Amino acid sequence: MSLLGSRRSSLPARAGVLAVTAALLLTGTALPASATEITSIQSTSWSYIDAAQPRKSFVNPAGDAPIGAKVDHGQKHVSKSYFTFDLSGLRGAKVLSAELSGKETAVADCSAPRGTELWVTAPAKKAPTWEDQPRELTKLAGPGSLDACPSDYLDWDAGPALQQAIDAGRTSLTMVLRLPDGQQHNPRFGRTYRPLLYVSLEKNQPPATPTALKTGTHACAETPLVRRGGAAMSAAVSDPDDYSFSAEFAWWPVDHPEQRTTGTDSVYGSGAYFDPDPQLADGVTYAWQVRAKDSLATSAWSETCRFTTDFTPPATAPVITSTDYVYEVPGKGGIGIPGDFTLDAGGDTAIAGFQWQAGYTDSGYVAADRPGGKATVRYTPRDDGPMSMSAYGLDAAGNYGPSGDYRFFVARNGPSMTCTPARAFLGETRQCTFGPHGTDGATAYVYKLDDQPEVTLPAGPDGTATITVTPTDVTQRYRVSVRARMTNGNLSGPGGGYLDIDRGAPTVDAPADAMVGKPVVLTLHAVLPGSTSFTYDWDYSEPATVPVGPDGSAQVTVVPDRPYYHTIRVHTTTAAGLVSATNEESVVVGSDEPTITSTDFPECCEGGYVTTPGTFTFSSALPGVVSYTYRYLQAAPVTVPAGPDGTASVTLTPLSTDTQYLEVTSAFADGSNSHAAGYYRFYPRSAAPPLSCDATGNLRPGQVVHCTLTPVQPGLAAYGYHLRPNGETGPDVEVRPGADGTGTFEFTAPATDTKIWFYVDAWSANAAGQRTDTSYTSYYVDPDATASRKTNAV
């Protein structure tokens, strides 16, 4: 992409370049563009010389930059203006395009042709004068100009001049703005310019040579032994123009440089990385280096680093032993008591050290005293009980061998705690004394009560310390957690425990014969000394408070509104406001529902036949019943009086095989009713007469069918049936039973042009006209059956 484009004087093109340049100058940032950078630099200083004062240089004066001739107060001045640019930030850059621009501020005669020239000068060691002008080397092509006078924008192609200066290693570039010799002394051609020139350029600089090379975690100056996966190569890389470029890594066996291999990492930022592990052989010393590349340039190769591979791990599992900690109960030592563990490589000279771990939190590395030798780990347990230590042998490259394991048992060494009294009521003070475990000694104790902050308590001369605790909050656990600061300076294992507190929950006595709807007297007994009141609630209702009597008890009366289980919760309060624990008791309340029995229709199983009367007896466990009210199925309630024995009986006749439901309540002499109803369900047996007919399969229209009914219903008086051709029910037909109790009838299949369904329903009835449930049979009446029979007859 070139900033110059074609050299036109159209305003939109020039305005676009001005906008890009202005944006770059205001933000001070560069715009990345695939390995190139669009940026802008401006002249850092300017000066002019005047033929009227040939030995003087005017450096960074106020005002505009003059070129050509000008008459001032009768004296003629002839000037050139010099501009210097700092090129130190462009070292090594390749200039793809560059446009130098300036602005005219005054023109003596706009009708005179513009002859302004811009030249690159030789480097000058001092400010130029008219008598000592730097040599003018190269004239830049241009200028192009806007169609205006004075012109706000003049531009020159500065690419070749910039590239030549960069390639020559120059850190600054000076240019002179002047008129040609033929115009320079004629005031008609004189002009002035803004004393600042800009260069907008697209350039590319090569990436910097990579630095900070590492093999894994090792600096380049080292030649480390590396295990599998440990030879990852990394370097710090940068590109002045782009944040996205690549790094090329090269590596080779030191003895075989002709086996050079390369790999590439795409860089986004400042770090490059490549892992050659899959292409490395065991036991080889490699050299490597890296260079950075963008799409247009490549940095120099970095310094050379080396590493040696070792991919063969040790073959021997270390043996771990200890006399301080062994696997026996109750164990030795304790939490906070260090012990020595010996790790032995068993003479495997590949093992240079050991990686060990104990418990879940402690691990480390220790070097062997010699290749294949031993090492000692001093380990302080953090837990008691069964524990284990494992260790791996590591070679010089860090390869892990097989694991060795050792199990041991850490003794409990928490301090003792003895409280006096051992058990006490809430509100009573006790002294709790801490003592050291065994011979571990103690200089102090660190303890806390429940979740309160820890407190450090100095130990006395005998190694003990005492605290005073008065439990007052029934909801608090009062767990004492304590550790001893042993004489070795470490903390011991935990000790302490829960204080044994009688929280004084009151007791409740309930009568065994409590009954629903009847007053029930409950006796409350205080347990916590000094209790003055009971607070209770019945079935989680609003609490009530009653005083504690002289004998430490109180009675409360409740009336249960339902049978079975109820709950009473009660606690006491002392005069000092101490609240006891709450006792929650279940109170069983009997039900006053009546009992229903029947031998004709037992509740357990199928009973008498449909239309057969059955006797049902009502009774109650409570005395004083005067009547019972029952509801049978969906019928209206019926009340019957109770006999002297408190029972009553009713006769019910089920008329279907559906499950029958009976609900009964009782009424008492005091005008009250039972709070619960008794429920009874029973299952009548079917009394439908079996139906058999002499036709099977499909019927032909007009076919006569003979049927027989067999008696089942007790007290049978008559049979009945009706026909249902195609779902339309015909009239009921009565059939009188014969001497043997059976009944017979016949019917004729109806005439039809299409195939239809045909049903026969039959039942029996007693003298009261109560019908049984129904038997039925069904047929198809099929016209095609008629044709078939006629054909067969022929």
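**Burial and overall form**

I looked up burial first: of the 794 residues of the chain, 45% count as buried, that is, under 20% relative accessible area with a 1.4 Å probe and protein chains only. The model is predicted, so I note that local features need pLDDT of at least 70, side-chain atom pairs count only at pLDDT 80 or more, and totals for chains, interfaces and linings use all residues. Residues are numbered from 1 along each chain as its sequence is written, and side-chain values use heavy atoms, with hydrogens and water left out.

I then turned to the dimensions. The chain has a radius of gyration of 58 Å, whereas a compact globule of 794 residues would have one near 28 Å; the radius is taken over C-alpha atoms, and the globule rule is 2.2 Å times the number of residues to the power 0.38. Along the principal axes, the C-alpha atoms fill a box of roughly 160 × 115 × 70 Å.

For secondary structure I recorded four helices and 62 strands, taken as DSSP runs (helices H or I, at least four residues; strands E, at least two) numbered from the N terminus.

**Largest pocket**

I looked for pockets, on a 1 Å grid over the protein atoms alone: a pocket is an open set of points where a 1.4 Å probe fits, with protein on both sides within 12 Å along at least five of seven lines, and lining residues have an atom within 4 Å of a point. The largest has a volume of about 360 Å³, the volume being the space filled by probe spheres set on the points. Of its 22 lining residues, P66, K70, H77, S79 and T192 are the closest to the centre. Strand β5 gives the most to this lining, with seven residues. I sorted the lining into 11 nonpolar, six polar and five charged residues.

**Second largest pocket**

In the second largest pocket I found about 270 Å³ of space. Its lining has 17 residues, and T84, A124, K126, P128 and T174 lie nearest the centre. The elements giving two or more residues to this lining are β3, β6 and β13 (172-178).

**Helix α2**

Which residues of helix α2 are buried? I listed G159, A161, L162, Q163, A165 and I166 for this helix, which spans residues 159-167. The elements that cover them include β7 (94-102), β9 (117-121), β12 (154-157), β13 and β15 (198-204). Just after α2, I noted that G169 takes a positive phi of about 80°.

Terms used: Ala, Val, Leu, Ile, Met, Phe, Trp, Tyr, Cys and Pro count as nonpolar, Asp, Glu, Lys and Arg as charged, and the others, Gly among them, as polar. Buried means under 20% relative accessible area, exposed over 50%, partly exposed in between (1.4 Å probe, protein chains only). Contact means heavy atoms within 4.5 Å.
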